[in-house]
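Q: I'm new to this one and would like to learn how to read it. Could you walk me through it, feature by feature?

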Amino acid sequence: MTRSTTSQTMAIGHMLQVSGRVILSLPFAYAGTVILLIAAYFMRPALLSPFLLLLIARQAAPLGVAVLGQSLCMRVLSIDLSIGGVVVGVSYILTSGLLPFPDPVLLLIAIVFGIAVGLLNAFFITRLRASSVMVTLAVTLIITGIAVAFSQLRSPGDAPQILRDLVRIKIGIVPLALLIWVALLIPIALFLRKSVFGRYIDAIGANPRAAWVSGIPYVRVVTVVHVMSSLFAVLSGFLLIGFVGVGSMDLGRDLALNSLAAVILGGVTFGQGKGGVFGPTVAALMLTFSFNLLTSLGLGEPAKLMMQGLVIGVAAAAYSVQRKT
Amino acid sequence: MISFDKVTKRFGSNLALCEISFDCAAGSVHAVTGENGAGKSTLMNLLAGIFPADGGEIRLRGEPIAPERPSEARRLGISTIFQELTLLPNLTIAENLFLGREPMRGAMVNRRLMQERAREIMARLGSSLDVDTYCGDISLADQHLVEIAKGVSVDADVYIFDEPTAALNAPEVEKLGALLESLKAAGKLVFYVSHRLDEIFRFCDRVSVLKDGRHVETRATLSLTRDELVSLMVGRVLSQFFPARPTPAESAPVELGVRDLQVVEAGPKVSLALRAGEIVGLAGLEGQGQRSIIRALAGLHPSMAGEVTKNVAGEMKLLKLSVVETVMAGIGFVPEDRKTEGLYLPLSINQNIALGMLPRLSIWKIAPTGRNLIADLMLRMNVRSTSAGQEVGQLSGGNQQKVMIGRWLAAGINVLLLEEPTRGVDVGAKTEIYGLLRDFAHRGGAVLVVSSELLELLGLCDRILVVRQNEIVAELEGAGTSEEEVMQYALTGHAKHSQASPCLN
Amino acid sequence: MFELIQKSRRSGLSLIVLALPITLFILLCLSSSTFTRFENLANVNSQIAALLIASLGQGLVAISGGIDLSVGAVMGLTSAILVTVDPALAVPLALAVGVVVGLVNGFGVTLFNVHPLVMSLATMTVVQGMALAVHPIPGGTVPAFLRTMAVSRFAGMPAAFFWCVGAIVFAWFLLNLSRFGLRTYAVGANPISAGRNGIAVIRHKVLCFVLCSLSAVIAGIFLSARVGAGDATMGASYSLDTVTAMALGGVQLAGGTGSVLGVVAGVLTLGLISNGMNLMGISPFLRAALTGVLLLAAIGFQRRETIGA
């Protein structure tokens with residue numbers, strides 16, 4: 001090889017390296033979405049019609065709302081796996097008919113229930129310093145165990161009319177559910193960027209020990225985060241129940257895992273103090289789109305699971321390698 | 001036996017070791033000394049296989065070596081007694097002594113043989129500890145003894161003792177001396193890393209002095225006087241380094257009052273007062289309770305009893321000792337280990353300093369950006385960086401230290417508690433940090449410093465409180481006292497003239 | 001008693017850990033006439049055997065400072081393999097799968113520095129997906145020789161008894177007598193110190209994960225053989241149950257503390273609760289809820305340094 005071509009290939013290599021680094025420094029969700037859209041263009045172009053895309057976006061709304069909470073948790077080095085449990089609990093409260101109250105009261109009870117779960121999680125995680133994964137898994141076990149045991153006695157009925165309307169209404173061609181999601185997203189992103197709370201979340205994520213030593217109200221921040229996460233889960237449950245129309249104990253089963261995958265894909269990593277709200281949001285859209293793609297290709301539940309796991313594992317590994325270098 | 005040839009080591013942008021070259025002979029005890037941060041431990045860690053050198057060569061009997069792992073160093077015949085304990089608290093003394101080279105009988109650990117040999121080893125050091133006790137259950141001094149026992153029980157040609165006496169009491173230091181003699185007699189090379197002059201002159205044949213990562217000189221100890229060695233280590237006139245002390249103002253108000261503070265169960269009680277405008281130092285030997293006292297005031301160490309009051313607008317208010325409360329009351333704490341406890345390394349300088357401005361705000365409020373304040377502070381503190389958006393993790397030690405102090409200056413606090421304010425900081429930045437602290441005091445703040453560098457306390461502080469066994473045994477004028485006097489109190493707890501200072505810091 | 005507290009630095013045994021199963025046993029003896037029947041006790045033994053085998057593996061990982069949530073999925077995949085692959089190849093293939101999963105977990109945690117919870121959650125999901133892909137609907141027949149090994153009796157004792165004893169003896173040898181065990185405690189207590197003592201920390205941790213996955217494979221083999229059919233989701237509850245057994249048995253998830261006796265006590269506690277509720281006719285779903293409550297209580301008592309994951 002002559003000298004000039006060597007230097008040329010080196011220059012190209014360098015360019016590739018630099019652009020590679022830029023792409024790697026963005027949340028994987030961005031690149032992933034592009035790749036998926038290209039794949040869909042060649043394999044199932046029908047998925048790319050505006051009508052279907054809006055439908056998929058609507059379908060992504062419950063996950064997207066849950067992801068907001070999960071991303072907060074992970075930014076303070078915690079994890080919330082009770083999201084699915086909360087949804088099951090909400091579904092039971094709203095649809096079992098066991099509680100003889102009008103719908104608005106039931107919705108309120110569901111919200112109070114969410115706050116209670118968040119406080120319980122936070123109590124164990126901050127005061128007793130138990131592992132957040134363990135705590136939230138245990139809480140999920142308890143809620144679903146009780147709800148399923150009771151649903152044996154009395155099977156769940158129809159969803160409240162408000163929720164069914166909520167997801168059916170469209171403004172122009174845009175579904176209301178999607179608007180609700182966006183309406184939550186923007187103020188929260190702004191709040192996290194500008195508020196004391198947001199700063200504290202970055203600090204705790206970057207170095208929890210230093211946050212403790214320099215007198216940041218650690219316990220309060222983590223508690224608020226977990227309550228918020230549970231509240232988002234309640235809202236996510238509202239949307240899901242609205243979609244399905246009837247209560248179900250299977251609702252939200254893979255919500256916790258999907259939200260975890262979305263947050264990792266969205267660029268929030270343990271111990272970096274970095275990560276925003278938009279990365280995970282794009283990741284939620286991307287995951288939902290990919291599930292639709294897989295289904296349209298005739299692949300079922302197993303393929304979905306394998307993809308989820310691979311995404312979580314590979315993304316988490318890639319981020320920590322990146323952090324080391 | 002060992003020669004260093006232009007050995008160089010970098011940590012990020014920090015040059016920790018720069019072209020170190022000297023030789024060491026078998027059958028001798030070779031001291032490696034210098035101030036904190038001079039690079040002693042870094043040099044020894046290269047030999048111990050903790051990390052590789054970036055340049056130069058280390059030769060063992062003329063053969064170049066580059067151990068990549070502690071186990072590899074051990075195979076080469078280099079045994080290290082680390083400064084930080086490497087004992088496992090959940091293993092017994094015997095198990096700890098033989099961890100990684102357990103005597104086996106078939107597939108099983110030969111416990112009886114292990115215990116027997118452990119007993120022999122401990123007896124050689126004159127210890128009668130039961131070798132079946134868990135290491136987490138014995139005192140810190142005993143743990144250090146076990147650590148030493150572990151190091152010398154390895155059959156090696158080169159032994160590295162990294163600050164072995166930091167936690168030992170006088171009789172154990174004697175035993176260590178005898179041990180060093182026997183190793184020397186057996187034709188081994190012993191590296192003795194220490195900055196205690198007394199021990200260097202008593203135990204060591206030759207001494208290599210490092211300063212700021214460079215090799216200053218290697219000499220036979222017999223050819224040196226104590227003063228010569230100190231000047232080699234310090235290499236400068238001290239008075240130039242420290243800002244001038246203003247004349248003490250007796251009338252200044254007390255900012256922080258401490259009465260009968262107890263930091264260990266059933267321990268002695270500590271009382272002190274910090275006045276506006278003064279810098280007070282807590283001196284003493286390693287592990288005598290200075291750290292517990294300052295951390296108790298910061299709300300990070302539990303206090304058993306006592307009362308702490310803080311001046312709030314001219315009125316002394318009782319303070320609850322929790323981190324959140326103390327920060328709210330206007331007390332800032334700068335920990336020794338800035339990487340794990342002090343800074344948010346992945347965050348920018350801006351973010352790190354701005355966090356100081358938040359404690360008195362509700363978490364739901366909009367946070368001030370404080371751009372002007374931060375720019376001002378960075379200028380005043382002379383923080384060298386590409387921009388205020390640079391990650392703190394990329395800064396040098398001195399600049400990181402300034403950012404940490406800057407966070408509290410931005411917070412508008414008036415009591416500053418510092419642990420080892422200049423650890424791992426280059427000389428230039430040290431002077432600047434001393435200047436910053438003096439300036440803070442001059443503006444009406446009160447400063448309490450814990451440092452293991454006695455020279456630093458002597459140069460910087462208005463008053464020095466000497467701590468021994470969790471008790472304040474003396475209060476000395478910074479300008480009027482001497483190393484000897486402070487060490488006398490630190491070692492014995494009372495004033496009675498003895499011949500010389502046994503320790504530099 | 002003082003002796004016990006002294007030794008507890010490593011074993012994690014406490015009065016509660018040991019008293020809990022004993023108290024439960026006595027309570028069940030008193031409250032149910034059928035409990036003490038040999039048939040029922042043999043049944044309890046068979047019910048807990050799989051959990052015990054999997055928990056001993058989990059214990060090893062926990063002592064080395066990790067956690068493995070993929071054991072349940074590995075059990076499911078094992079079950080799926082047993083009923084779909086040629087009987088002669090089934091067991092070796094399942095064991096090979098165990099080794100691979102363990103290696104992935106171990107390298108993910110050590111070389112790639114991923115939190116063990118996140119890592120094993122990822123492998124759990126992938127392996128569960130694979131199990132469902134291999135064998136979507138429960139059914140099929142387990143090789144006959146395995147079935148014999150799991151359900152027949154020797155010398156009047158149920159086969160499960162021998163599986164349990166074998167697993168306990170092996171784990172006990174490994175942890176208490178071998179060099180490997182000693183080093184596992186060291187690595188779990190402080191990997192940096194252990195490394196400075198010349199222990200190959202990464203290799204050791206990876207090996208712990210591999211052994212844990214292998215024990216999950218064996219647990220899966222036993223459980224499928226006992227049930228007599230393959231079920232890809234058979235192990236779903238086992239990941240959490242093993243962790244609950246750790247917490248109940250005084251095994252610190254932070255690493256460095258735990259014992260075989262503790263794991264056995266934890267598994268017994270869980271098994272006796274299940275059996276008791278069964279005898280009293282309580283819904284199995286409430287049993288899951290109770291496991292959750294127990295887990296919450298047990299980890300609530302294990303105060304750690306850090307807050308979070």
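A: Happy to. Keep in mind that this is a predicted model. Let's start with a pair of helices in chain A.

Q: How do I read two packed helices?

A: Two packed helices are described by the angle between their axes and the distance between the axes. Here, take α4 (residues 83–95) and α6 (residues 132–153) of chain A: their axes lie 8 Å apart, at an angle of about 30°. Angles under 35 degrees count as roughly parallel, and α4(A) and α6(A) are therefore roughly parallel to each other.

Q: What is the handedness of the crossing of α4(A) and α6(A)?

A: That crossing is left-handed.

Q: Which residues make the contact between α4(A) and α6(A)?

A: On the α4(A) side you'll find G84(A), G85(A), V88(A), G89(A) and Y92(A). From α6(A) come V139(A), T140(A), I143(A), T144(A), A147(A), F150(A) and S151(A). Sorted by class, that contact has six nonpolar residues, six polar ones and no charged ones.

Q: Can you show me another helix pair?

A: Helix α5 (residues 140–153) and helix α6 (residues 170–185) of chain B cross at roughly 5°, and their axes come within 12 Å. That makes α5(B) roughly parallel to α6(B). The α5(B) residues in the contact are A141(B), L145(B), I148(B) and V152(B), while α6(B) brings E172(B), L176(B), L179(B) and L183(B). This contact has seven nonpolar residues, no polar ones and one charged.

Q: How is chain B divided into domains?

A: Chain B has domain 1 (2–237), domain 2 (238–244 + 251–330 + 414–505) and domain 3 (338–412). Notice that domain 2 is written as several stretches of the chain. Over C-alpha atoms, the centres of domain 1 and domain 2 of chain B are 32 Å apart.

Q: What about the overall build of chain B?

A: Counting secondary structure gives 17 helices and 22 strands in chain B. Its C-alpha trace spans about 70 × 50 × 50 Å along the principal axes. For overall size, you can compare the radius of gyration with what a compact globule would have: with 505 residues that would be near 23 Å, and chain B has 24 Å, which agrees.

Q: How many helices and strands does chain C have?

A: Chain C comes to 14 helices and two strands. The C-alpha atoms of chain C fill a box of roughly 50 × 50 × 35 Å. With 309 residues, a compact globule would have a radius of gyration near 19 Å, and the 19 Å of chain C agrees with that.

Q: Now for the interfaces. How many residues of chain A are in contact with chain C?

A: To read an interface, look at who takes part on each side, then at the classes of residue. Here, 45 residues of chain A are in contact with 41 residues of chain C. On the chain A side, the elements giving two or more residues are α5 (103–127), α6, α11 (218–244) and α14 (301–324). The most come from α14(A), with 15 residues. By class, this side of chain A has 32 nonpolar, 10 polar and three charged residues.

Q: And which elements of chain B supply at least two residues to the side that touches chain C?

A: Those are α2 (70–75) and β8 (108–109) of chain B, with α2(B) giving the most, three residues. In total, 21 residues of chain B are in contact with 19 residues of chain C. The chain B side divides into 12 nonpolar, five polar and four charged residues.

Notes: Residues are numbered from 1 along each chain as its sequence is written. Chains are lettered from A and ligands numbered from 1 in the order in which they are written. This is a predicted model: local features need pLDDT of at least 70, side-chain atom pairs count only at pLDDT 80 or more; totals for chains, interfaces and linings use all residues. Domain bounds come from an automatic or database domain assignment. Axes are lines fitted to C-alpha atoms, for helices over the stretch in contact, and angles run from 0 to 180 degrees between N-to-C directions. Helices (H or I, at least four residues) and strands (E, at least two) are DSSP runs, numbered from the N terminus. Angles under 35 degrees count as roughly parallel, over 145 as roughly antiparallel, 65 to 115 as roughly perpendicular and the rest as oblique. A crossing is left-handed if the near helix is turned anticlockwise from the far one by less than a right angle, and right-handed if clockwise. Two residues are in contact if their C-beta atoms, placed from the backbone, lie within 7 Å. Ala, Val, Leu, Ile, Met, Phe, Trp, Tyr, Cys and Pro count as nonpolar, Asp, Glu, Lys and Arg as charged, and the others, Gly among them, as polar. The radius of gyration is taken over C-alpha atoms; the globule rule is 2.2 Å times the number of residues to the power 0.38.
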